[in-house]
Amino acid sequence: MTISLELDAPVAESSTRRALTNISLAVAKCKKIVVVTGAGISCSCGIPDFRSSDGLYALVKQQYPDVVMKGRDLFDASLFRDKTSTSVFYTFVSQLKRCIDSATPAPTHHFIKTLDTKQKLLRSYTQNIDGLEERVGLCGSSCQEAKAGSKGKSKLKAKEVRNVQLHGDIHRVRCTLCSTNFPCTEDYLRMFNSGVAPDCPECQLRSEARVARSARPLRVGTLRPAIVLYDEAHPLGDDIGTIQTSDIARRPDMLIIMGTSLKVHGLKRLVKDFAKAVHDSAVTSTTGTPKSAKSWQGKVIFVNKTPPGSEWADIIDYHVAGETDRWAEKVIEDWKKMRPSDWEVQQTLDTDGEFKAIKEHQLVTTKEKAKRRRKSLVENIRLDDGAVHFKPPSSAPSSPTKRRQSACHYSDVESSPRKRRDVSRVANCLDKLEMADRRLLFVDATNSATIQFDELSTEVPIKKRRSGSIARPRAEVWVEIKKQQ
Ligand SMILES: [Zn+2]
């Protein structure tokens, strides 16, 4: 029986809040999550629901005032039988693509990408043609990187595909004759907008080559949007079937369905197959023997504003009623709270301001640390009271090579005019001091943080180092610091 949970339940409803938190924890613990999405996840991105007759459809209507076509007709394979309906379709798709191009991915898209980054996503399957998953970094089944060969029609590399585009991709076009596919360029888009289909460059090349050999020219196909219409087979259908079968065999431990009304026949089948695999994963181990299921394992979660139909009662375990973005954000929030260690690495991967600061702190190289230490020593000199104070750094340098670098903090005095000025100020100041007042707190290699020095000399041309190497003086002002006995 499906348990329904109101995402925006009042705080007082503690049992609902607890159940939602448990789902978040389950997401954090599962390792092989299958995500299935529909148009609902892209609504907040400003992409209109093109099946309803508003916005975009009204625009197309202006261009073709005499044509009566709406809803399903606009996406039915039969439209290609008629020249006018084909033109309407091209114009409509070009307008829709423009709209999608100006949209930005929603938190739900980023959530799916996070699952992938955390190595929890077995695969994402979407009905959407907007390609927003690719924009957040999930390689889609229409991506060129996902294809085994250089041609658009070649086989899919299952490992590369993170997001299976069940209904194709609006950002690509396909030849009606040779099936080669290409990215949808601005030129193609303009032609589609005027209701005309561009010629296929691949067919054209083949034909021209024949003409060059004085043979008869070949037929040239036209390009159409590479989206899958109703009553049309997916050109990559076989490959997608293979990916789905292998995903089921890998025993996914959670199924998350978001933003779909689960009405399309093909999708219903896919969801039912995955739900069965997920429920099975909770009761059998990899060897096939029954085991006691962990409470977070094997859940089927449906996140959608409207509840699922009664046919899903034994398939969907939880219906989270609400916006998918809100739920995705809540899961991430709960996950960070409950399992902060999962996010330690992520802090260096996600570059939002707060984490970046931590990242920068963590990634400071030893060299940079030494540089900062030297700088802080110079900056700690107080000239107002005539005394010179060097504050010891919090810890001693860690290795002999580094110690030598910082043995004299004036070693880089010639590196910049500003530093030279700083040093001459120090030198002037030192001149005024009584020897007894020249008490410097300094860190030496073999000593604790507070060693006192009292002898300063301003001209030592060559200094013999402990290692036996000869260090040449690199500055006009050279301050030698001898350790007090
Ligand atoms: Zn072609």
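The secondary structure of the protein comprises 15 helices and 15 strands, as assigned in a predicted model. Of the 485 residues in the protein, 31% are buried. Among contacts between residues at least 6 apart in sequence, 66% join residues at least 24 apart.

Helix α9 covers residues 265–283. At 1.5 Å a residue, its 19 residues should span 27 Å, and the end C-alpha atoms lie 28 Å apart, which agrees with that expectation. The buried residues of α9 are L267, L270, V271, F274, A275, A277, V278 and S281. Around the helix axis these residues cover an arc of only 165°, and they therefore lie on the same side of α9. The face turned away from this buried side carries the exposed residues H265 and R269. On the buried side, the packing partners of α9 are the strands β2 (33–37), β3 (121–126), β8 (254–258) and β9 (299–304), along with helix α8 (237–249).

The largest nonpolar core of the protein contains 50 residues. Within this core, I33, V35, M254, L255, I256 and F274 touch the most other members. Helix α9 gives the most to the core, contributing seven residues. When residues up to four places away in sequence are left out, F274 touches V34, I248, P252 and L255. Another core, of 26 residues, lies apart from the largest one and has F75, F192, L223 and V228 among its members. In soluble globular proteins, nonpolar side chains tend to be buried together.

Helix α4, formed by residues 107–117, is mostly covered, with nine of its eleven residues buried. The buried positions are T108, H109, H110, F111, I112, K113, T114, L115 and D116. The elements that cover them include the strands β2, β3 and β8 as well as the helices α5 (132–135) and α10 (324–338). Strands β2, β3 and β8 also pack against the buried residues of α9. After α4 comes Q119, which has a positive phi, near 60°.

An open sheet is formed by three strands in the order β6-β5-β7, with antiparallel pairing. Its edge strands are β6 (181–183) and β7 (223–227), each of which pairs on one side only. From one strand to the next, the twist averages 45°. Eight of the eight residues of β5 are buried, so this strand is largely enclosed by the rest of the structure.

Strand β5 (residues 168–175) is joined to β7 by four bridges, and the two strands run antiparallel. In this pairing, C175 stands opposite L223, and V173 stands opposite P225. L223 is also among the residues of the 26-residue core. Strands β5 and β6 form a hairpin with five residues between them. In the turn of this hairpin, S179 has a positive phi of about 65°.

How values were computed:
Residues numbered from 1 in each chain as written. Predicted model: local features only at pLDDT ≥ 70, side-chain atom pairs only at ≥ 80, totals over all residues. Expected span 1.5 Å × (residues − 1). Buried ≥ 20, exposed ≤ 12 C-beta atoms within 10 Å, placed from the backbone. Arc of directions from axis to C-beta. Contact = placed C-beta atoms within 7 Å. Core = buried A, V, L, I, M, F, W, Y, C linked by C-beta atoms within 7 Å. Pairing = 2+ DSSP bridges. Axes fitted to C-alpha atoms, helices over the stretch in contact; angles between N-to-C directions.
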